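Reader: Hi! Could you walk me through the cross-links in this one? I'd like to start with the sulfurs and then move on to the charges.

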Amino acid sequence: QVQLVESGGGSVQSGGSLRLSCAASGFSSNHYCMTWFRQAPGKEREAVAFIDTLGRTRYARSFQGRFTIAQDNSKTTVRLQMNRLKPEDTAVYYCGADSVNCWLQSLDVRRYNYWGPGTQVTVSS
C-alpha cells in the first residue's frame, strides 16, 4: 500500500524558512508524481508545487520564487524549501501523490489519490 509521510513542519517567525519532506513508499513502479498542497482552516486545499520522478517541476504561480520543490534520488523523498514565510502561509501542508495522470503535471487536488497526514506550518508575525 502507498504511504506518504510529511515532516518538517513547525512554528517560525515571519521571514523565516522551513524545509518540509515527504517520504513515499509502497508504489508498485517508479511512475508516480507528488505535489505539495496546503490547507488552512476553512479554506480549500491549494497546490504549491509538483514534481515527478524525472525531476520535472511545476509551481503554482503564487509560490514561484519563494518555495522550491526537489526530490532526493537516494530515496523516495520530496522536499519543499520554503523561504521568506508569511503569516498567510500558515496551513497544514500535505503531500499528495498520483500514479495515473502524472503526464498532466496537474496542480488540481482532484487528480491525487494518495495523501499523507499533513504537517502543520505556523508562521507568526
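**Disulfides and salt bridges**

Author: Happy to! The link of Cys22 and Cys95 is left-handed, with -85° about the S-S bond. This is a predicted model, where local features need pLDDT of at least 70 and side-chain atom pairs count only at pLDDT 80 or more, while totals for chains, interfaces and linings use all residues. Residues are numbered from 1 along each chain as its sequence is written, and side-chain values use heavy atoms, with hydrogens and water left out.

Reader: Thanks! How many disulfides are there by this rule?

Author: The count comes to 2, a disulfide being a pair of cysteine sulfur atoms within 2.5 Å. Between Cys22 and Cys95 the S to S distance is 2.1 Å.

Reader: And which parts does the pair of Cys22 and Cys95 tie together?

Author: Cys22 lies in strand 3 (residues 18–25) and Cys95 in strand 9, so the pair ties together parts that are 73 residues apart in sequence. Strands here are DSSP runs (E, at least two residues), numbered from the N terminus.

Reader: Is Cys22 buried or exposed?

Author: Cys22 is buried, at 0% relative accessible area, and Cys95 counts as buried too, at 1%. The cut-offs are under 20% relative accessible area for buried, over 50% for exposed, and partly exposed in between (1.4 Å probe, protein chains only).

Reader: What about Cys33 and Cys102?

Author: Their sulfur atoms are 2.2 Å apart in a disulfide, and that link is left-handed, with -90° about the S-S bond. Cys33 lies in strand 4, and Cys102 in the loop between strand 9 and strand 10 (114–115), so this pair ties together parts 69 residues apart in sequence. With the bonded cysteines numbered in sequence order, the pairing is 1-3, 2-4.

Reader: Nice. Switching to charges: how many salt bridges does the structure hold?

Author: It holds 6, counting a side-chain nitrogen of Lys or Arg within 4 Å of a carboxyl oxygen of Asp or Glu.

Reader: Which residue forms a salt bridge with Glu46?

Author: That is Arg38, with the closest N and O atoms 2.7 Å apart. Arg38 also meets Asp89 in a salt bridge (2.7 Å, N to O). Asp89 sits in the loop between strand 8 (77–82) and strand 9 (91–98), Arg38 in strand 4 (residues 33–39), and the two are 51 residues apart.

Reader: How accessible are Arg38 and Glu46?

Author: Arg38 counts as buried at 8% relative accessibility, whereas Glu46 is partly exposed, with a relative accessible area of 34%.

Key:
Helix = DSSP H or I, 4+ residues; strand = E, 2+ residues; numbered from the N terminus.
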